[in-house]
Number of protein chains: 2
Amino acid sequence: MKDLFLTEPEVYSLLSSYGISVPAYSLFKRGELPSWNTFPAVVKVVSKRVIHKSSAGGVLFVSSREELKRAVSELEQKFPEAEEFIVEEKLSGIEAFVGVKRDPSFLHVVGAGTGGIFVELFKDVVFIPLKASKEETLEQIKKTKLYKLIEGFRNYRGNLELFLDFIEKLKILLTEHPEIYELDLNPTFITESYIVPADGRALLKEPEKRREFKPLPDNLFRPKSVAVIGASKNPKKVGYALVRNLERFKGKVFPVNPKYEKVLGFKCYPSVKEVPEPVDCALIAVPAEVVPSVLKECGEKGVNLAVVISAGFKEAGREELERELVEVAKKYGIRVLGPNTLGFMVPPLGLNASFSTTLPPEGEISFLSQSGALITAVVDAAASEDIGFSEVISLGNQADIEITECFDLAVRSSDTKVILSYVEGLELGFELLDFVGRKPAVFIKAGKSEGGKRAAASHTGSLAGNYKVFKDAVECRGGIVVDSLEEAFDCCRFLTAYGRLRGKKLLIVTNAGGPGTLSADYATTFGLELISVDPVLEELSEVLPPNWSRINPVDLIGDATSDRYRAAFEILEKLQWDVCLVIVTPQSMTDVPEIAHEVVKLAERTKRAVVGCFMGGSSVSKGVEILKREGIPVYPDPYRAVNSIRRGVWSVQSSSEERREKV
Amino acid sequence: MKDLFLTEPEVYSLLSSYGISVPAYSLFKRGELPSWNTFPAVVKVVSKRVIHKSSAGGVLFVSSREELKRAVSELEQKFPEAEEFIVEEKLSGIEAFVGVKRDPSFLHVVGAGTGGIFVELFKDVVFIPLKASKEETLEQIKKTKLYKLIEGFRNYRGNLELFLDFIEKLKILLTEHPEIYELDLNPTFITESYIVPADGRALLKEPEKRREFKPLPDNLFRPKSVAVIGASKNPKKVGYALVRNLERFKGKVFPVNPKYEKVLGFKCYPSVKEVPEPVDCALIAVPAEVVPSVLKECGEKGVNLAVVISAGFKEAGREELERELVEVAKKYGIRVLGPNTLGFMVPPLGLNASFSTTLPPEGEISFLSQSGALITAVVDAAASEDIGFSEVISLGNQADIEITECFDLAVRSSDTKVILSYVEGLELGFELLDFVGRKPAVFIKAGKSEGGKRAAASHTGSLAGNYKVFKDAVECRGGIVVDSLEEAFDCCRFLTAYGRLRGKKLLIVTNAGGPGTLSADYATTFGLELISVDPVLEELSEVLPPNWSRINPVDLIGDATSDRYRAAFEILEKLQWDVCLVIVTPQSMTDVPEIAHEVVKLAERTKRAVVGCFMGGSSVSKGVEILKREGIPVYPDPYRAVNSIRRGVWSVQSSSEERREKV
């Protein structure tokens, strides 16, 4: 299929067939003059060659039959090659931007936001993936100023229901027309009684070939036995590090190398086929050229998972070798991680199937990373930061296993509570959206700055960078996209403890006014709701000193001890809050560890989310330890605490159970 | 003076007298019809009672003499109480928002940004204080989309020079008219040939009484002798803690309490007047009621600085007592810190004139805080975070000494390189702007969420929250306003090492692709410039492995050792960069401490800004220590590293020396 451009009447006709209203219009040929009598009206040139009609001077507004005649003759002169023209009713109302882009990874996304000439200036546009429910679409739209216009601003008001229906119809149209590459409906006018695009152009392109999503078997990353092909006795070689790292593994280890009888105390086999027991997983650290043949042996042996540590494939320009590897894997039904991967780790099994020297603590976070180096840093920091993992997977070149497939597996795994992904490139974005939101998921996406560099042909194109589409699509479905690693781990801490919260009612208790005020600022900025403490004002006043704050943040005053915290907690727990932030600064009377114990008890009694912000150094470290041990998220800075709470609150209010049924 | 409202022609006449263009207009009385013949035109009602003319239906557009007649009669009927009407030329061009607000702290600020009906929707407005230079005004304007429109966007283009002149004229007008409380010039039209407001209204109000700025003497916070009035032997009392904290002070200590002969080994005096030597500073910890009489004695003794630790003044509703204290201070010329202050600390003198148990490490940061509790937390964290201070001052109630006066003093002090301020309320904002920008200054401002709550009568009012005015005014003059404490200290780390940078050219060197890409994303988002490494591509290729990145970020590949870092540094230092970010992740070959030494050497050789981002835990801790010891800023997360660099770069390109002469 060749690239094909659809003119305005062609687009209108396509839209109409899906029940989308279009303006009243009349198409006419050069030399003709239509019997048009509704004014004001718009006359435009219709030509596959004139894509940007407005800037080419191909759009004229007319308010009488006289002006119409003059305009037609002007257009005929200006566009000598054009054979057709169109006249249509002039619409008014809220000017919205609506544009569709087909992303190679996420497929069609519908961009919507405030339109008009400033659309590229203010970039008030969100992207909605085809898989978004109507409710999710609404939540996305709410992020734009267009939503405020529709709800009523100055003289503007639109019909939200009509707008949502319009998007739903557009989604059906797009699902049935995968050949649409770009579709611009700019502007689209919204009033209280209608939603009608006042222009339309589309570009059709043959859909790209996409890789297939192949679900991974449940226990793929939970092997009972691991072979190391290319095992070595030389401590400088990866084949040595791999075997050494397996010493703590609770399953069986089979080094493979024809040169050795034993490696690090394990019996060594000349080939994987000669291992006398089943091999679930093979780590391959042999020269790249040899990998396909080794993989073939693995296939014959019945290995489920081959982890190709070896580099020297696509990343080194040797795409042919990588294709060969994929062919062998396919033939034998082996799933391949890598090549060029650090490997993977399963701390609860004591399994370090990687060449990273450290195995991080056990926990409930699945960390999927498209950067191996990032894993080494994170794993190293994890111990001191008390962050634990159910698994850590380095994706490498993704010749076979793609990050989305691991994500699906992590959603299914009962070991994992939170999924953290570091994403550079994603091929199965469309499929990922089926799984995002089923479990708390945090994403760090690299390549934010790429979008801006691309030259873009259409409005939508210039607004829909790779990063923007990723962020909008994933967030729309309930994923959490953060800016930094620190933020990611802060979020994971909260999500591991409490999952995602339905409500956003926040209570702040503090022994210091300043950090309390800062926290309230953050909370308000982020859209959290500070509950009123009025219902317990008198009760609190009985146990607190006369100069207590009398509002939320509840300032217990600098000389508050654990007794005062407890007394306040016991009253405040009667109120309806979803999350309580407890701030502690080390002042002269502050008994930090005892306060920490009160915080733990508050969480236990209420079964609600309780978060600590213990500010300072050595004076608060014991309190911090107590909270960490008891699984209460604790942060050193109010910003990080409140930001983690905010990220933990569902913006989409539909329950994840509902969503699960839909997908 | 009573509040006074100025009508459109009155505002036009005021503007004209300052050389600001206004539309051609004709004012006429009820029953009259002006001999107006320029169309299209606008007819409006003129009445002190009709403030929001447009929404009241008091603005009509006309395109002929006929329509003008009809419009006048319509307005006459609609506003039976109105005596005057105005007809004026209809302008076109870029619609800008221009509004003035008189802030109680910062006095007049001029708001400017994109106008039109969406002004309150997009809030694309910056505030410019009267003290801003033309250059600083330009830098502020550059933050708005209006700037892009003026520079040329679609069919729009304006005259930047005219716009800046307009703001300058407005500044002179405002300086000479302190009675202006609000001035709305909305919209103001900008084209390539003119800038003309198309409307005008003003509200005049008697200027508020403001406290006086009284410069502090140079060595006020560097006393040679300190008395503690209310010294105690009871370890539970503040008067005990104060004396105990002075044990390490390099000057003289005089406890004062008629009850004791000695306190903690120091000779104790019955009254401050009986101390046989000069007393530079007195710490007062006696019951609030007694403070004025104690202060009187200090006055008679010739004390320069009284630090009133005692609480129970304004914050407890006893304003009268606080006024009394101020009166006594004034009479004797004593400067008073507090009341209700934690005190102050000067680590280089070993002076802890506060009841905080810890004295932080010495350094070059002056920390001025309107929250005492925040100081206890920061000081506690400082030791483990390796952050040092030249002084720490708790402002308390600010009955006498205001934070701006301390800021001025810190600017003058040779001990201080960076000023960090935690601000809740600021009375001398106007004066603060004289000092901001003379030294690197970081601000945390609480109360961000207040602005939104205020009901606002005018456009400008609703856009000019307390926080927004503070941030814009301070940033405009070169201050750095950050969001959180963590960010503040990250910035201080950078600023202490390098001050503020003129240039924004960034080089990134890394041994891990992922963190490199993330850093490049941040840098691009923040507007830093990633320099090209093309000029040394060949040279680098000779010392780096074949698969090195060949672009900036320079990825040395995971197996890079200190030798490879050094080799790369030696080539890369030939390039023109202002700051180099070195990222290290702990991979199997990474010799972290040796790399840290190379980073130090790079900074020493080039005398340029070098920043480390050492990611991980125990594997990188030795490297981190080395950098900290050598004064190289080092961060655990690329976001924090790049953000600190960005904050350290001057957005205003005028040199601080230039500014110093101006103010």
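A salt bridge is a side-chain nitrogen of Lys or Arg within 4 Å of a carboxyl oxygen of Asp or Glu. The legends below describe a predicted model.

**View 1. A salt bridge joins B:Arg154 to A:Glu120.** The closest N and O atoms of this pair are 2.8 Å apart. In total, four salt bridges are found across the interface of chain B and chain A. Residue pairs in polar contact between the two chains number 20.

**View 2. The interface of chain B and chain A buries about 4700 Å².** Carbon and sulfur atoms account for 65% of this area. Of the area that chain B buries against chain A, 14% is supplied by B:Leu121, B:Phe122 and B:Asp380, more than by any other three residues. The contact involves 57 residues of chain B and 57 residues of chain A.

**View 3. Several elements of chain B, including helix H10 (372-385), strand S25 (441-445) and helix H17 (513-526), each supply at least two residues of the side that touches chain A.** The largest share of this side, 10 residues, comes from H17(B). By class, the side of chain B that touches chain A holds 24 nonpolar, 19 polar and 14 charged residues.

**View 4. Helix H8 (residues 291-301) and helix H9 (residues 319-332) of chain A have axes that come within 9 Å.** The axes cross at roughly 5°, and therefore H8(A) is roughly parallel to H9(A). Among the residues making the contact are A:Val291, A:Pro292 and A:Leu295 of H8(A), together with A:Leu321, A:Glu324 and A:Tyr332 of H9(A). Eight nonpolar, one polar and three charged residues make up the contact of H8(A) with H9(A).

Conventions. Residues are numbered from 1 along each chain as its sequence is written. Chains are lettered from A and ligands numbered from 1 in the order in which they are written. This is a predicted model: local features need pLDDT of at least 70, side-chain atom pairs count only at pLDDT 80 or more; totals for chains, interfaces and linings use all residues. Side-chain values use heavy atoms; hydrogens and water are left out. Contact means heavy atoms within 4.5 Å. Buried area is the accessible area (1.4 Å probe) that two parts lose on being put together, summed over both. A polar contact is a pair of N or O atoms within 3.5 Å; within protein, one must be able to donate a hydrogen and the other to accept it, and residues adjacent in sequence count only if both atoms are side-chain atoms. Helices (H or I, at least four residues) and strands (E, at least two) are DSSP runs, numbered from the N terminus. Ala, Val, Leu, Ile, Met, Phe, Trp, Tyr, Cys and Pro count as nonpolar, Asp, Glu, Lys and Arg as charged, and the others, Gly among them, as polar. Axes are lines fitted to C-alpha atoms, for helices over the stretch in contact, and angles run from 0 to 180 degrees between N-to-C directions. Angles under 35 degrees count as roughly parallel, over 145 as roughly antiparallel, 65 to 115 as roughly perpendicular and the rest as oblique.
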